[in-house]
Amino acid sequence: MPSSCKDIRAALADCLQSSDCIIIQRNQPNDCLRPPLLDTLPTRCQQLKKGYGDCKRGMIDMRKRFRGNQPIAVSKELEGEKPGQLYAGAGFASGVKATSGDEDLKVETVVGVDGERRVVR
């Protein structure tokens, strides 16, 4: 089995082994992952099952063929870090100066070629 899904598979197995479906009700793990008993599993196990299915599906998805599955890790937003920018370069708002709207406008009077005066802001 490719290594991209091993971690989430092990986490799902640990979650299933500690769930009430297996410990108290004495069901098989395959039975606990099917619809009648799937609703009795903890939310974490249900999320791991969905994540494992997405990981396996991603292995055969042609759009992810070259990049592969994303590594299973805690997202950066939960750790307090800002997510990295998708494309290179600085963010679009990094050079924008904040204004309050009370600034004086610079007004100049310009004389045109035809001799008319124009106000330029």
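**Helices, disulfides and a nonpolar core**

Read along the sequence, this chain runs α-α-α-α-α-α-β-β. That makes six helices and two strands. The model is a predicted one. Of the 121 residues of the chain, 17% count as buried. The chain exposes about 10,500 Å², and carbon and sulfur atoms supply 53% of this area. Among contacts between residues at least 6 apart in sequence, 36% join residues at least 24 apart.

An α-helix has 3.6 residues a turn, so residues three or four places apart point the same way.

Helix H5 covers residues 43-60. It has 18 residues and reaches 27 Å from its first C-alpha to its last, close to the 26 Å expected at 1.5 Å a residue. Cys45, Leu48, Tyr52, Cys55 and Gly58 are buried in H5. They cover an arc of only 140° around the axis, which puts them on the same side of the helix. The face of H5 turned away from this buried side carries the exposed residues Thr43, Gln47, Lys50, Arg57 and Ile60. The buried residues of H5 pack against helix H1.

The next subject is the nonpolar core. The largest such core has 15 residues, of which Leu16, Cys32, Leu41 and Leu48 touch the most other members. H1, H2 and H5 are the elements that give two or more residues to this core. The largest share, five residues, comes from H1. Leaving aside neighbours within four places in sequence, Cys32 is in contact with Leu16, Cys21, Ile22, Asn27, Leu37, Leu38 and Leu41.

A disulfide is a covalent bond between the sulfur atoms of two cysteines. In this chain the count comes to three disulfides. One of them joins Cys5 to Cys55, with 2.0 Å from S to S. This pair links distant parts of the chain, since Cys5 is in the segment before H1 and Cys55 is in helix H5, 50 residues apart. Cys5 is buried, with a relative accessible area of 0%, and Cys55 is buried at 5%.

Another disulfide joins Cys15 to Cys45, with 1.7 Å from S to S. Cys15 lies in helix H1 and Cys45 in helix H5, so the pair ties together parts that are 30 residues apart in sequence. Both Cys15 and Cys45 are buried.

There is also a disulfide between Cys21 and Cys32, with 2.0 Å from S to S. Cys21 lies in helix H2 and Cys32 in helix H3, so this pair ties together parts that are 11 residues apart in sequence. The link of Cys21 and Cys32 is left-handed, with -95° about the S-S bond. With the bonded cysteines numbered in sequence order, the pairing is 1-6, 2-5, 3-4.

Arg26 sits between helix H2 and helix H3. Its phi is near 55°, a positive value in a residue other than glycine. At 69% relative accessibility, Arg26 counts as exposed.

Key: Residues are numbered from 1 along each chain as its sequence is written. This is a predicted model: local features need pLDDT of at least 70, side-chain atom pairs count only at pLDDT 80 or more; totals for chains, interfaces and linings use all residues. Side-chain values use heavy atoms; hydrogens and water are left out. Helices (H or I, at least four residues) and strands (E, at least two) are DSSP runs, numbered from the N terminus. Buried means under 20% relative accessible area, exposed over 50%, partly exposed in between (1.4 Å probe, protein chains only). Contact means heavy atoms within 4.5 Å. Accessible areas come from the Shrake-Rupley method with a 1.4 Å probe; for residues, only the protein chains shown count as cover. The expected span of a helix is 1.5 Å times one less than its number of residues. The arc is that of the directions from the helix axis to the C-beta atoms. A nonpolar core is a set of buried Ala, Val, Leu, Ile, Met, Phe, Trp, Tyr and Cys residues joined through side-chain atoms within 4.5 Å. A disulfide is a pair of cysteine sulfur atoms within 2.5 Å.
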